[in-house]
Amino acid sequence: MEQRIKKFLAERKEKGLLRTLTPISRFSGSKIYIDSKEYVNFSSNDYLGIADDPELISAVLRILPDRVGISGSRLMTGTSGVHIKLENRIAEFKNKEAALVFNSGYQANVGIISSLCRKGDCIFTDRLNHASITDGILLSGVKYFRFKHNDTGHLEELLKKERSKYKSALIVTETVFSMDGDIAPIEKIVHLKDIYKCMFMVDEAHATGVFGQNGAGIVSAQNLSGKVDIIMGTFSKALGGFGAYAAMSRELRDYMINVCRSFIYSTALPPVIVMANLKALDLVVKETKRRQVLLENSTFLREKLLENGFKTKGETQIVPVIMGENKKALLLSDRLKESGFWVIAVRPPTVPAGEARLRLSLTFNHTKDMLENFIKELCGHKKTLGY
Ligand code: PMP
């Protein structure tokens, strides 16, 4: 086994695929610091700049707990009043009957999908869905079909061919895609789900806080809450906190409490985190301007990238710069870091082979000047990289 591990790491390094961890010394708005060097951070999911918002911090300080951990799973002694309050608040926010809070988005997706599907069922999943969705599908052990990214024609083809062979079926997609920054055709999927009698689950991790009138997400923006069975999302991105939720019917919530292993067998979120998530929800609803500025900045950056001959995709606050080769993406990321821009190179298997990229995620805290300076810097490296 040791030899295999050594070989694996050496090969990863050789192919430009080795993952490493970089300790950050300090975070401040759109900046991060490593030792004393300052970087503009283009890799944070704190889209609305709420994680270190003074109003949120002072609220958390005021509620500083009389204990830290809750010392039990939700089914033992881990359900506090604030857990229930947060679940009721999410149900209302997402316009569903009920909600259940999970310790992370990863745990929510893995647990929910593997609880829903049994032998004899099948799953239809977008090819670019997040790893946590894929892991939930693999854990369920049922037959699954991957449809081409955002391609409802292909989804329909698969449904036509396969659906009748299985008892129950689930369709699952992200609403805002984490690596491409584009939006799923939810309305068309809802139409197909009705025709082919499937359950429909969406992951709104990157949409919550950013889209919809109160930041309630894409499903809410399109008035489709009644048509989507499970609306999952996280507190860890635009809400600046930690943990996740799934909004659904009361009956589905009861079912999850009884069978969902990632919910049952894990210590509950500490109440202080739950209270911070509640406060963040208030801020998200109130601070409409942050959403507007964020999306204006995203459009501005995308336009500048295209104007300067870079390849990009999508229409949200996640802006990829497609490089193709792993080593090119890594080299550019290193060069940008030298100039004070923290941008991560995302490589396979996180994205398809041949589509290595820089993944820029914008936040409310980025200024136009920062974006313009970034474009200038990027253009300076074009020739070196043969872009
Ligand atoms: N779903 C999507 C689409 C994600 O991008 C992520 C993480 N970035 C998750 C789920 C997992 O969420 P968490 O970080 O809370 O585990």
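**View 1. Packing of helices α6 and α7 in the predicted model**. Helix α6 (residues 152-162) and helix α7 (residues 186-195) are roughly parallel to each other, a term for angles under 35 degrees. The angle between them is about 10 degrees and their axes lie 10 Å apart; axes are lines fitted to C-alpha atoms over the stretch in contact, with angles from 0 to 180 degrees between N-to-C directions. T152, L155, E156 and L159 of α6 meet K188, I189 and L192 of α7, contact being heavy atoms within 4.5 Å. These contact residues comprise 4 nonpolar, 1 polar and 2 charged. Helices (H or I, at least four residues) and strands (E, at least two) are DSSP runs, numbered from the N terminus.

**View 2. Strand β4 and its pairing with β10**. In β4 (residues 98-102), 5 of 5 residues are buried, that is, under 20% relative accessible area with a 1.4 Å probe, protein chains only. A98, L100 and F102 are on one side, A99 and V101 on the other. β4 pairs antiparallel with β10 (residues 244-248) over 5 bridges; pairing requires at least two DSSP bridges. L100 has A246 of β10 as its bridge partner.

**View 3. An open sheet of 4 strands**. The strand order is β1-β2-β3-β12, with mixed pairing. β1 and β2 (residues 31-34) run antiparallel, joined by 3 bridges, and F27 stands opposite I32 of β2.

Residues are numbered from 1 along each chain as its sequence is written. Local features need pLDDT of at least 70, side-chain atom pairs count only at pLDDT 80 or more, totals for chains, interfaces and linings use all residues, and side-chain values use heavy atoms, leaving out hydrogens and water.

Note on methods:
Angles under 35 degrees count as roughly parallel, over 145 as roughly antiparallel, 65 to 115 as roughly perpendicular and the rest as oblique. Ala, Val, Leu, Ile, Met, Phe, Trp, Tyr, Cys and Pro count as nonpolar, Asp, Glu, Lys and Arg as charged, and the others, Gly among them, as polar. Buried means under 20% relative accessible area, exposed over 50%, partly exposed in between (1.4 Å probe, protein chains only).
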